[in-house]
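Visitor: I would like to learn how to read pockets and packed helices. Please take me through one case.

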Amino acid sequence: MKIFLDTADLVEIRWAVDANLIDGITTNPSLLSKAAGEAGDPRDILAEICRTVEGPVSAEVVATTTEEMLREGRDLAKIAENIVIKVPLTEEGLHACRRFRSEGIKVNVTLCFSPTQALFAAKAGATFVSPFVGRVDDVAGDGMELVRQILEIYDNYEYETEVLVASVRHPRHMVEAALMGADIATIPPKVLHQLLEHPLTEKGLDAFLADWAKLPKERRAI
Ligand code: E4P
C-alpha cells in the first residue's frame, strides 16, 4: 500500500521524506493557500515539493470549464515530471481528464462521493480517483463503504485507476483502507504522527530501559 501525505507544509514533507514514510503528496487549493500565506507563491511551493519528493505530487486546477482546466493543468504539468493534475469529478473535469491522459499527463480525479462517479473516472482513464471518506462520514454516510464499493467495481472490470483514499481523519480510516486493499491513502501529517505512536510501545520501551539500567554499568554494553 502506498501512503501519500496530504499537505503543502514543507516542514512536514521534509520530515516524512527523511523518515522514508511516504510515497507521494496530495495538495488542494485550500492546503496550498494556507502554505502560501500572505506572500508565498503556490507555484514555487509546488516546485519545491516536487524537488523534495520523488513520487507523484497532485496539483489541483481551480478552473471550472474544460478548456480552462486544460490550459491551467498543462501549465502546472510543466513544473516537474512528478506533477499529477487534479481535476474535480464534474462533467468538465472528466472531459479534461481524457484529454490530459491522451497527452500523457497523469490525472487524479478528486471530490469523488459515489461509486458511479468513480466508474466514470475510471472510464475517463484517471490515474487516481480520490473518494473523500471523512467528508462522507461528516454527512452521516459511510466513507469506507464507498471505498469498498469502488474497489469491487474496479475489480469487476479490471480498471487500472488506483483508489486513493482521501479526507482521512483518523487512524481507523487508514486501518480499514489497508484491510480493504485500497491502493493508496493520503493522510494529513497529524494522522501520520498518530499512526507512528502507540502507548504500549512507549510503556514497553520505558520498562525495558528501566530494567536494563538495573545492571551494573560495566555489564550494560552488548
Ligand atoms: C485529497 O486529495 C484532499 O486534499 C483531502 O484529503 C481533503 O481532506 P479534507 O476533507 O480533510 O479537507
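Guide: This is a predicted model. Start with the second largest pocket: α2, α3 (42-52), β3 (57-60) and α4 each give at least two residues to its lining.

Visitor: Which element supplies the largest share of that lining?

Guide: Helix α4 does, with four residues. The space in this second largest pocket is about 230 Å³. It is lined by 14 residues, and those closest to its centre are Leu 32, Pro 42, Glu 60, Glu 72 and Leu 76. By class, the lining has seven nonpolar, two polar and five charged residues.

Visitor: What is the volume of the largest pocket?

Guide: About 310 Å³. Its lining has 20 residues, with Asp 6, Asn 28, Leu 31, Arg 135 and Ser 167 closest to the centre. The elements giving two or more residues to this lining are α2 (29-36), β5 (107-112) and α10 (189-196). The classes here are seven nonpolar, eight polar and five charged residues.

Visitor: How are two packed helices described?

Guide: By the angle between their axes and the distance between the axes. Here, the axes of α4 (residues 66-77) and α5 (residues 91-102) come within 9 Å and cross at roughly 45 degrees. Therefore α4 counts as oblique to α5. The crossing of α4 past α5 is right-handed.

Visitor: Which residues make the contact?

Guide: From α4 they are Thr 66, Glu 67, Met 69, Leu 70, Gly 73 and Arg 74. From α5 they are Glu 92, Gly 93, His 95, Ala 96, Arg 99 and Phe 100. By class, this contact has four nonpolar, four polar and four charged residues.

Definitions and conventions
Residues numbered from 1 in each chain as written. Predicted model: local features only at pLDDT ≥ 70, side-chain atom pairs only at ≥ 80, totals over all residues. Heavy atoms only, no water. Axes fitted to C-alpha atoms, helices over the stretch in contact; angles between N-to-C directions. Parallel < 35°, antiparallel > 145°, perpendicular 65-115°, else oblique. Left-handed = near helix turned anticlockwise from the far one by under 90°. Contact = heavy atoms within 4.5 Å. Nonpolar A, V, L, I, M, F, W, Y, C, P; charged D, E, K, R; others polar. 1 Å grid on protein atoms, 1.4 Å probe; cavity = no way out; pocket = protein on both sides within 12 Å on 5 of 7 lines; lining within 4 Å. Points joined across faces, edges and corners; volume = space filled by probe spheres on them.
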